Amino acid sequence: MTIYLISLEQCTKRDITGLEKKILQLGSVTNSPLKKMWLIQSDLNAEEIRDQLLTYVHAKDSLLVIRIDADHWASWNVRS
């Protein structure tokens, strides 16, 4: 399985419970280090993940899905 970083920037305030539930269905969440950011392991590719999440994202919001190398990263003061 590949690890992906999913990040959402909301331009409108609303409940994102549906989006979070869908992310859980797409792969196993390994971490949520920042608000509206998730790290998941999935067999899907980035485009497939994005396409399945678009139903839960407002047209003015921004969504980013990136395949990452989990062996090379650094952070400071994030939730674990």
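Colleague: What makes K36 count as partly exposed?

Modeller: K36 has a relative accessibility of 32%, and the scheme calls a residue buried under 20% relative accessible area, exposed over 50% and partly exposed in between (1.4 Å probe, protein chains only), so K36 counts as partly exposed. Please bear in mind that this is a predicted model, in which local features need pLDDT of at least 70 and side-chain atom pairs count only at pLDDT 80 or more, whereas totals for chains, interfaces and linings use all residues. Residues are numbered from 1 along each chain as its sequence is written, and side-chain values use heavy atoms, with hydrogens and water left out.

Colleague: Where is K36 placed, and what is its phi?

Modeller: K36 sits in the loop between β2 and β3, and its phi is positive, about 60°, although K36 is not a glycine.

Colleague: Why is N77 called exposed, and how does D69 count?

Modeller: N77 has 64% relative accessibility, so it counts as exposed. D69, which lies in the segment after β4, has 43% and therefore counts as partly exposed.

Colleague: What makes the buried residues of α1 line one face of the helix?

Modeller: In α1 (17–26), the buried residues are L19, K22, I23 and L26. Seen down the axis of α1, they fall within an arc of 105°, so they line one face; the arc is that of the directions from the helix axis to the C-beta atoms. On the other side of α1, K21, L24 and Q25 are exposed.

Colleague: How do you know that the buried residues of α2 line one face too?

Modeller: The buried residues of α2 are A46, I49 and L53, and seen down its axis they fall within an arc of 65°, so they line one face of the helix. They pack against β1, α1, β3 and β4.

Colleague: How are the two helices α1 and α2 placed relative to each other?

Modeller: α1 and α2 pack at an angle of about 145° with their axes 10 Å apart, where axes are lines fitted to C-alpha atoms, for helices over the stretch in contact, and angles run from 0 to 180 degrees between N-to-C directions. In terms of contact, meaning heavy atoms within 4.5 Å, L19, K22, I23 and L26 in α1 meet I49, Q52 and L53 in α2.

Colleague: What stands behind the largest nonpolar core?

Modeller: A nonpolar core is a set of buried Ala, Val, Leu, Ile, Met, Phe, Trp, Tyr and Cys residues joined through side-chain atoms within 4.5 Å. The largest one here has 14 residues, and among those with the most contacts inside it are I6, W38 and I49. β1 (2–9), α1, β3 (37–42) and α2 (46–53) each give two or more residues to this core.

Colleague: How many bridges join β1 to β3, and how many pair β1 with β4?

Modeller: Two strands pair if DSSP finds at least two bridges between them. Six bridges join β1 to β3, which run antiparallel, and I3 has Q41 as its bridge partner in β3. β1 and β4 (residues 62–68) pair in the antiparallel sense over seven bridges, with V65 in β4 as the bridge partner of I6.

Methods:
Helix = DSSP H or I, 4+ residues; strand = E, 2+ residues; numbered from the N terminus.
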